[in-house]
Amino acid sequence: MPKIIPVVLCTGHGAGLWPIARETMPKQFIPLFGKDSTFQRTLRLLSDPDVFDAPIVLTNAEQRFTVVDQLQAIGLHAEIVLEPAKRGAHSAAAIAAELGLARREAALVGIFPADHVVQDGKLFVETCARAAAVAAQGRIVAIGIPPCYPATAYGYIRPGTEIVEGVRDVEDVAAKPDAALAARYLADGYLWNSGNVVFDATTMQARLQAAALGAIGNAAATGGNLGIRMLEADGLTGLPALAGEPSAQQQADTAAVIAGHFGWSDVGDWSAVWQLSEKGTGGNVVQGRGYVVDGTNNLVRSEDAVVALVGLDDVAVIATRDAILVTPKAKSDKVRDAVALIAAKHEPEAISHREIHRPWGKYLSVDLDERHQVKRITVKPNGVLSLQKHHHRAEHWVVVRGTAQVTRDDETIIVHENEAIYLPIGCVHRMANPGKIPLEIIEVQVGSYLGEDDIIRIEDIYQRC
């Protein structure tokens, strides 16, 4: 049996876990349980060489460098492919099939979301191997989850006649139901549709075309740095840009479902985080600088400030540097509505953090006013910022750790710890870290306009010009 080519979907941002998860740092890259992110946990699951081929990560341009960094942090490698625009499940199936067939003629492909959590990794791998054995017969095999409550956030699959032990054909694929319909599905033996699916790539292509959902043609183009490829938009013409379940899964002669008993969650809200976390005294989960007095079954997570919770039960309090969420755990599915309300008011906290990650490192906005901004900038060893200039601001850099190699117009200057350099408006400049430890500087910007769009890039090793 050929190995599964795993295609890891890594494009969403997880609004249900705001304010930790935002577009600038999506949910799949956040360490929610231990030191690894859900993306890293997923890649570890898919690293069994007896079952899986080298993985493919399908992501977007904004997240590509975070993908690279997190892969390097756990010592794993993957082929990285970028979508030119956010699309949906039909597109993911078509793209995954095409990428699999580009690797080999008879391809078994698996689609695996990057932001889900599996509790029993060994059983998950065994389930995928059993699914692959059936998929090798020209089938599309969904992994369904036995439901423990009538969820309205998931699609459902109704198993039919048994094909082989533990694998059944599919009688029905249903979209997300209301509460009454979800209760009926539960009683009728439906499974949650986890979004994990293993399939024969040729079969998937044929079914998508038969359902008039199109297919991609010559969409994968080699290029970019760090081995990253970009899908060409022209190759995606005709594919829908709306999320949904591929109609191909409903074809009776090809669709199958296997139940996954490995402990699964899509970690869609803070209630799920509490459920999956190790509990302390009184069932409380405390992450970071949090304290609970006279309260039970609470979730407290604080990145920076001290948070004290007194006399409350069953609530989630999530505090970042710039936003605070307080909600009963039972209402945590409404967080997305709060994010939409905040975004409608054009509050930047709806989509971005104060700390922004870049391919060379990161920066934290410490103080911002009308005519000045203070940033703490961290540059990784061998990291290089773009060669750039600004029309509206001057910058002062003070090195607090490490050594900076600074280009200023025609000069190249080495700036050591406790030394500073001034960059006047309009000068062409660049900073690099030639050392072995992270470079940390304090940057003070002064000017009439301080927006990031006043960065005029002239040259960039990360190809962002």
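At what angle do helix α1 and helix α2 pack, and how far apart are their axes? This is a predicted model, in which local features need pLDDT of at least 70, side-chain atom pairs count only at pLDDT 80 or more, and totals for chains, interfaces and linings use all residues. Residues are numbered from 1 along each chain as its sequence is written, and side-chain values use heavy atoms, with hydrogens and water left out.

**First selection: residues 38-45 and 64-73**

These are α1 and α2, which pack at about 55° with their axes 10 Å apart. Helices are DSSP runs of H or I with at least four residues, and strands are runs of E with at least two, numbered from the N terminus. Axes are lines fitted to C-alpha atoms, for helices over the stretch in contact, and angles run from 0 to 180 degrees between N-to-C directions. The angle therefore makes α1 oblique to α2 (under 35 degrees is roughly parallel, over 145 roughly antiparallel, 65 to 115 roughly perpendicular, the rest oblique).

Next, display Phe39, Gln40 and Leu43 of α1 with Val67, Gln70, Leu71 and Ala73 of α2, which make the contact (heavy atoms within 4.5 Å).

Six strands run in the order β18-β19-β20-β27-β22-β25, with antiparallel pairing; two strands pair if DSSP finds at least two bridges between them. At the edges, β18 (355-358) and β25 (420-423) each pair on one side only. Neighbouring strands of this sheet are turned by 20° against each other on average, direction ignored.

Finish at Lys375, which stands opposite Glu443 in β27.
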